[in-house]
Amino acid sequence: MQTNPRIASILQANSLDFSVTAVPTFELSVLNLQDDLEFELPTKLRLGHLVEKIVSELIKSSTNYSIIAENIQIIEGKKTIGEIDFIIENKISKELIHMELAYKFYLFDPTLSTEPINNWIGPNRNDYLKEKLEKLKTKQFPLLYHKCTQSTLSTLPIDKFSQALCLLVSLFIPYEYKGYFSPIYQKAIKGYYINFETFISQHNEEKTYCLPAKKEWGIDPKNSKIWSEFESIKKTVEINMLEKQSPLCWQKHKDSYSTFFIVWW
């Protein structure tokens with residue numbers, strides 16, 4: 001039995017560690033799992049919720065961790081003020097961990113700053129790695145100690161919890177960029193990004209393409225069974241550019257595969 005490509009992509013995803021996040025890291029590699037793990041995946045979830053579901057099933061399937069609670073809505077009055085992703089327990093040490101999960105795609109824009117941490121942005125320039133980390137540190141993790149959380153989790157010893165972040169990232173750099181990246185970033189680089197004009201100029205008749213749905217982002221392109229000719233892809237990308245949407249593209253050239261974003265900016 002082969003592991004579902006979507007599950008495999010999460011298990012193989014790289015996480016940013018304490019040297020970047022300044023938050024303790026929870027690595028999925030610590031989970032003791034059987035080979036060729038397989039479980040049913042929902043079909044109608046958006047990418048973020050799908051990844052949460054996969055990580056939940058991975059923890060439940062492990063022999064060394066269990067889930068005490070997940071997706072805990074914290075409500076003050078009649079207003080939801082936040083949500084805690086996971087409370088998990090190490091079955092051996094009995095340690096309780098408040099774990100937050102994120103699955104992100106960032107592109108490196110070297111023009112923004114001389115500090116690499118400031119230069120990782122979302123494909124449509126409306127999401128920043130640094131802002132995500134600040135929100136986690138100033139809002140998400142402190143939420144555990146809010147009086148409403150203590151009331152919601154009144155049966156648990158919150159004062160003895162540790163906290164950790166599982167930040168799974170796929171990083172993309174400018175096409176033919178020669179700058180240096182520290183190893184923690186380098187190992188997470190999955191491809192590059194180009195503008196529409198460069199995409200057109202690079203085409204030749206030996207190449208075919210796939211524009212995966214967002215819930216397929218991060219999967220190895222070798223798993224795609226549908227490949228399209230350039231002209232049909234070009235028309236779709238032209239619409240994306242007008243709508244200021246940067247699609248992820250898989251490219252097949254003979255026996256090699258590549259992954260890149262085509263950006264509108």
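Modeller: A residue is called buried under 20% relative accessible area, exposed over 50%, and partly exposed in between (1.4 Å probe, protein chains only). This is a predicted model, in which local features need pLDDT of at least 70 and side-chain atom pairs count only at pLDDT 80 or more, while totals for chains, interfaces and linings use all residues. Residues are numbered from 1 along each chain as its sequence is written, and side-chain values use heavy atoms, with hydrogens and water left out.

Glutamate 40 is exposed, its relative accessible area being 72%. It lies in the loop that runs between helix 2 (18-21) and helix 3 (47-61); helices (H or I, at least four residues) and strands (E, at least two) are DSSP runs numbered from the N terminus. Together with Asp35, Asp36 and Glu38, Glu40 makes up a surface patch of negative charge. For such a patch, residues must have over 30% relative accessible area and no salt bridge, and like charges are joined within 9 Å. Asp and Glu count as negative, with the charge placed at CG of Asp or CD of Glu.

Next come the salt bridges (a side-chain nitrogen of Lys or Arg within 4 Å of a carboxyl oxygen of Asp or Glu). The structure has five of them. In one, lysine 104 meets aspartate 127 at 2.9 Å, N to O. This pair ties together distant parts of the chain, 23 residues apart: lysine 104 belongs to strand 4, and aspartate 127 to the loop between strand 5 (120-121) and helix 4 (129-140). Aspartate 127 has 19% relative accessibility and therefore counts as buried.

Arginine 125 and aspartate 109 form another salt bridge, with 3.0 Å between the closest N and O atoms. Here 16 residues separate the partners: arginine 125 is in the loop between strand 5 and helix 4, aspartate 109 in the loop between strand 4 and strand 5. Aspartate 109 is buried at 6% relative accessible area, whereas arginine 125, at 26%, is partly exposed.

Strand 4 (residues 96-108), which holds lysine 104, runs antiparallel to strand 3 and is joined to it by four bridges; strands pair if DSSP finds at least two bridges between them. Isoleucine 88 has isoleucine 97 of strand 4 as its bridge partner. Five residues separate the two strands in their hairpin, and lysine 94 in that turn has a positive phi of about 70 degrees.

Glutamate 206 is partly exposed at 45% relative accessibility, and lysine 254 is exposed at 53%.

Lysine 254 also takes a positive phi near 60 degrees in the hairpin of strand 9 and strand 10, where two residues lie between the strands. Those strands pair antiparallel over six bridges, with lysine 252 opposite tyrosine 257 of strand 10. Strand 10 (residues 256-263) has six of its eight residues buried. Four bridges link it in parallel to strand 7 (residues 189-195), and asparagine 195 stands opposite valine 263.

Key. Patches are made of residues with over 30% relative accessible area and no salt bridge: like charges are joined within 9 Å, nonpolar side chains (Val, Leu, Ile, Met, Phe, Trp, Tyr) within 5 Å. Accessible areas come from the Shrake-Rupley method with a 1.4 Å probe; for residues, only the protein chains shown count as cover.
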